[in-house]
Amino acid sequence: MINCQLVIIGGGSAGMASALKAYQEGIKDIIIIEKDDKLGGILNQCIHDGFGLDLFKEELSGPEYAYRFIQEIEKLNIRCFLSTFILGIDNDFNIKILNKDGVEIIKAHAIIFAAGCYERNAGAINLMGDRPSGIMSAGTAQKYLNIKGYMPSKRVVILGSGDIGLITARRMTLEGAEVLAVLEIMPYSNGLTRNIKQCLDDFNIPLYLSTTVKQVIGKSRLEKVIACRVDENGNFIDGSEIEFDCDTLLLSVGLIPNIGLIKDMGIRFSSTRGPVVDELLQTDKKGLFACGNCLHVHDLVDHVTNEGYLAGLGASLFLKNKIKENLNVEVIAKNYVSYVVPQYINTTLLDNITLKFRVKKPLKNVNIVISDDKRIIKRIPKLTLLPSQMENIVIKTLDLVQNNGKIYVDIEMKI
Amino acid sequence: MKQLTCIICPRGCQLTIDDNLNVTGNFCKRGQIYALEELTNPSRTLTTTIRVRNRKDVLIPVRTNKKVPKDKLFDIMQIINKTTVLAPCHINDVAIKNVLNLGVDIIFTSEIK
C-alpha cells in the first residue's frame with residue numbers, strides 16, 4: 001500500500017496542468033497515473049500544429065505543447081506511474097493499480113480525475129451493413145499513421161466533419177491516400193472553419209453536408225460505402241444515394257467523456273456525460289475533482305490546461321482544508337444552451353468564475369445573457385455561436401454573493 | 001473581390017479582399033497579412049513524421065521550421081519519407097537541412113532518448 005496526498009488519474013494535458021498547479025500550491029506528494037508509456041496523452045499523436053495560441057501565443061504541434069509540461073513535471077520530480085492501468089477506485093479513495101510490478105493499492109487523500117475522452121464507434125451510430133475490416137475511428141487511423149507507422153488505407157471516406165476527421169483527412173492525403181469525401185449528417189460542419197479551409201479545401205476534398213452513410217459493403221475488407229442525403233428530420237432521401245469505392249471508412253462522430261472508473265462512486269453526471277462539478281471542479285464526492293475532456297469535451301487544449309490548473313488549485317484547497325461552502329448557487333442552461341460547466345457555485349474562494357458552455361445549434365446575432373431570478377448579471381453580444389465552439393463567460397463571484405438560488409445562462413435573439 | 005477563411009487562429013474570420021487589396025472581416029492584424037500572403041504566395045507549415053531506425057518508437061514527429069509554399073508540400077513529403085534518422089533525437093534539432101533548397105529545415109517536434 002502506498003499513501004499519497006494527491007493522485008492524478010491521466011497524464012495528458014489536463015492531468016499534467018493539475019499536477020503542476022497543485023505542486024505550486026504546496027502539495028508536493030503527488031502521483032500521476034498514466035496508462036501509456038509516456039506523458040502527454042492524445043497530444044502525442046496530434047502532430048499537426050495550432051496548439052498553444054491562447055497560452056503561449058505560439059502555434060505549436062501537439063508533441064511540442066506536451067513537451068513544455070513534461071519538462072516541468074520532470075524538473076519537479078513529480079512521481080509518475082507510466083504504463084499503469086487502474087483496476088478500480090473505492091469510496092475511500094483506495095486506487096487499485098496494475099503495472100509490470102504487479103498489483104498495488106494507492107491510498108489517496110484527494111483525486112483529480114483527468115482521464116480524457118474516447119471516440120464514438122460504429123455501434124454507437126447504428127452503422128448499417130456488413131462488418132468488414134477497414135472501419136475505424138479517425139483517432140485510431142491517426143495513431144496508426146503518427147505513432148505506429150502504418151498506412152491504414154489507400155481510398156478513404158470519412159464520416160463526420162469534426163476536427164479529428166478533418167485533420168486525419170489532410171494527414172492521409174499527405175501520406176498518399178485518396179480521401180474521396182467527408183460526409184456530415186448535419187447541414188453545417190462540426191469542425192473549425194480554419195480546418196475546413198486548410199484540411200479539405202487545400203487538397204480539394206469534397207465535404208457533403210446533410211449526408212450520411214446508408215450502408216457499408218464488404219466481405220473481409222470494406223469495398224464500398226453508400227452515402228445518402230438526409231432531410232431535416234434525419235431521414236434518408238430516396239434516390240440521392242452516392243456510391244464510393246473505398247477500402248476504409250473513418251468515423252469522426254463525436255467524443256464521449258471517459259468516466260468508467262468513477263461512474264459507481266455515487267456521484268451525479270450531467271448532460272455532457274461528465275460528472276456534475278462546482279466552480280473548483282469538485283464532484284459530489286468531497287475530494288474527487290475532474291477536469292479536461294472527461295468533464296466535458298473541449299475544442300482547444302489551452303482551455304483543457306486552464307481547467308487542469310483550476311482542478312489543481314481546487315484539490316490543494318481541499319487538502320489544506322480551506323474549502324468552506326458558503327454559497328449555494330445552481331447554474332442552469334436554458335433554451336439553446338446545451339450545458340454549462342460548472343453546474344454549482346458553492347464557495348466565494350474565487351474572485352472570478354468562468355462559465356463554459358456550448359449551444360445546441362448555430363446561432364447568429366444574439367446576446368448571451370447571464371441572469372438570476374431578479375436581474376441580469378451580464379449580457380454579451382455575439383455575432384455567431386456554433387455548437388463546435390465552446391464559449392467562456394467570466395462572471396464575478398461578488399455578483400452572486402447575495403444569491404442563494406439559481407443563475408441562468410440563456411441566449412436571446414436580437415431584434 | 002475574393003472571399004477567404006482565415007486560418008491563423010481558431011476564430012476563423014471570413015475575410016473579403018477587394019480589387020484594391022483592401023481586407024475586411026478580419027478581427028486582428030494577422031488576418032490582413034494572411035489574406036495578402038494567401039493571394040500572392042500561399043504557404044503552410046508542414047507537420048509529419050520521420051522514421052527512427054534504432055528505437056521501439058518507430059516514428060518521431062517533425063515540422064518545417066518556417067512556412068513553405070503550398071505547392072511544395074508533396075515534394076517535401078517525398079523527401080521526408082525517404083529519410084530515416086537515428087535516436088537520440090532532441091526537440092528543435094534539425095532532421096533535414098535546407099529541404100529542396102527552400103531555405104527551410106525539417107526539425108524534430110518531440111524527444112526520443
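Strands S9 and S10 (residues 106-108) of chain B run antiparallel and are joined by 2 bridges. Strands are DSSP runs of E of at least two residues, helices are runs of H or I of at least four, and both are numbered from the N terminus. Two strands pair if DSSP finds at least two bridges between them. B:Val94 has B:Ile107 of S10(B) as its bridge partner. The model is predicted: local features need pLDDT of at least 70, side-chain atom pairs count only at pLDDT 80 or more, and totals for chains, interfaces and linings use all residues. Residues are numbered from 1 along each chain as its sequence is written, and chains are lettered from A and ligands numbered from 1 in the order in which they are written.

S9 and S10 belong to an open sheet of 5 strands in chain B, ordered S8-S5-S6-S10-S9. Its pairing is mixed. Strand S8 (84-85) and strand S9 (94-96) of chain B each have a single partner strand, so one side of each lacks a neighbour in the sheet.

Chain B also touches chain A. Here 23 residues of chain B are in contact (C-beta atoms, placed from the backbone, within 7 Å) with 20 residues of chain A. On the chain B side, S5 (47-52), S6 (59-64) and helix H2 (73-82) each supply at least two residues. S5(B) gives the most, with 4 residues.

Chain A holds 7 helices and 27 strands. Its C-alpha trace spans about 65 × 65 × 40 Å along the principal axes. Among contacts in chain A between residues at least 6 apart in sequence, 65% join residues at least 24 apart.

Technical notes:
Contact = placed C-beta atoms within 7 Å.
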